[in-house]
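Here is a short briefing to read beside your structure. Please keep the sequence and the 3D view open as you go.

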Amino acid sequence: MAGAAGSSWSSLLLGAVAVALAVAAAPSLAGDPDYLQDICVADLNSEVKVNGFPCKANATADDFFSGVLASPGAAANTTTGAVVTGANVEKVPGLNTLGVSLARIDYAPGGLNPPHTHPRATEVVFVLYGELDVGFVTTANKLLSRTISQGDVFVFPRGLVHFQRNTGGNPAAVVSAFNSQLPGTQSIAATLFAASPAVPDAVLAKAFQIDDEEVDKIKAKFAPKKT
């Protein structure tokens with residue numbers, strides 16, 4: 001049984017790698033500009049500001065390695081029951097200029113990765129385990145959604161609002177591949193109700209057809225917790 005479980009896990013990891021390689025194999029579809037040299041390891045401490053990161057002088061193998069996705073995130077300790085662990089250029093400097101990155105998303109039972117967008121990348125998720133309701137909304141306000149489970153793949157087009165929710169009674173997890181070294185994330189609720197400086201109450205009240213008091217109540221839910 002242990003051998004079978006190990007084989008199944010290996011197959012899932014191979015599937016996740018295949019998803020990432022499929023994204024990487026299509027540079028013409030990348031969200032980032034094409035690179036002009038073999039490598040350009042990000043100098044994350046440089047004060048020079050460019051579109052991306054400057055190259056550091058001496059690259060090592062460690063610049064292209066990370067074990068950050070190996071362990072599940074503590075999804076049960078979050079407000080929404082989901083946690084995203086990124087393996088982007090900020091965690092793997094060797095990704096600089098290569099136009100790809102990964103993330104792992106872990107979901108507690110009933111956990112939700114709330115509606116959000118990635119302004120710089122299309123996302124492809126590969127289910128490691130569990131069952132999820134997923135979907136995205138087009139600019140014509142059409143919802144495209146379905147249930148996915150272990151071994152399945154689902155695509156969220158660049159810039160469109162999307163979500164994932166764990167519908168099962170057990171934890172779930174996916175690996176996400178992006179065609180950007182730093183896809184960016186804008187959570188819809190947090191963007192509108194936790195911006196700094198704050199979006200004016202009058203704007204939110206009119207947009208959501210609620211009164212100022214309701215706006216303040218929602219903003220209070222997103223306010224930083226006092227320690």
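Which side chain does the side chain of H162 join through a polar contact of 3.0 Å? The partner is the side chain of E123; a polar contact here is a pair of N or O atoms within 3.5 Å, where within protein one must be able to donate a hydrogen and the other to accept it, and residues adjacent in sequence count only if both atoms are side-chain atoms.

Residues are numbered from 1 along each chain as its sequence is written, and side-chain values use heavy atoms, with hydrogens and water left out. The model is predicted, so local features need pLDDT of at least 70 and side-chain atom pairs count only at pLDDT 80 or more, while totals for chains, interfaces and linings use all residues.

**The annotated site**

- An unreviewed UniProt entry places the feature "binding site" at N113, H118 and E123; UniProt positions follow the numbering used here, feature names are shortened, and annotations may be inferred rather than shown by experiment.
- N113 lies in strand β3, residues 112–117, and E123 is in strand β4, residues 123–129; helices (H or I, at least four residues) and strands (E, at least two) are DSSP runs, numbered from the N terminus.
- N113 counts as buried at 10% relative accessibility, and E123 counts as buried at 1% (buried is under 20% relative accessible area, exposed over 50%, partly exposed in between, with a 1.4 Å probe and protein chains only).
- Leaving aside neighbours within four places in sequence, N113 is in contact (heavy atoms within 4.5 Å) with residues including Y107, F163 and Q164.
- The side chain of E123 also makes a polar contact of 3.1 Å with the side chain of H118.
- H162 sits in strand β8, residues 161–166, and is buried, with a relative accessible area of 1%.
- Beyond four places in sequence, the residues that H162 contacts include H116, H118, E123 and F156.

**The sheet**

- Five strands form an open sheet in the order β1-β2-β9-β4-β7, with antiparallel pairing; two strands pair if DSSP finds at least two bridges between them.
- β1 and β7 (153–156) stand at the edges with a single partner strand each, so one side of each has no neighbour in the sheet.
- On average, neighbouring strands of this sheet are turned by 25° against each other, direction ignored.
- β4 pairs with strand β9 (residues 172–178) in the antiparallel sense over six bridges, and Y129 stands opposite A173 in β9.

**The disulfide**

- The structure holds one disulfide, which joins C40 to C55 with an S to S distance of 1.8 Å (a disulfide is a pair of cysteine sulfur atoms within 2.5 Å).
- Both C40 and C55 lie in the loop between α1 (2–24) and β1 (82–87), so the pair ties together parts that are 15 residues apart in sequence.
- The link of C40 and C55 is left-handed, with -100° about the S-S bond.
- C40 is buried at 4%, whereas C55 is partly exposed at 40%.

**Backbone details to look for**

- Most residues other than glycine have a negative phi, and most peptide bonds are trans.
- T97 has a positive phi near 75° and is found in the loop between β1 and β2 (101–107).
- N141 has a positive phi of about 65°, and at 68% relative accessibility N141 counts as exposed.
- The peptide bond from S196 to P197 is cis, with omega near -5°.

Note on methods: Axes fitted to C-alpha atoms, helices over the stretch in contact; angles between N-to-C directions.
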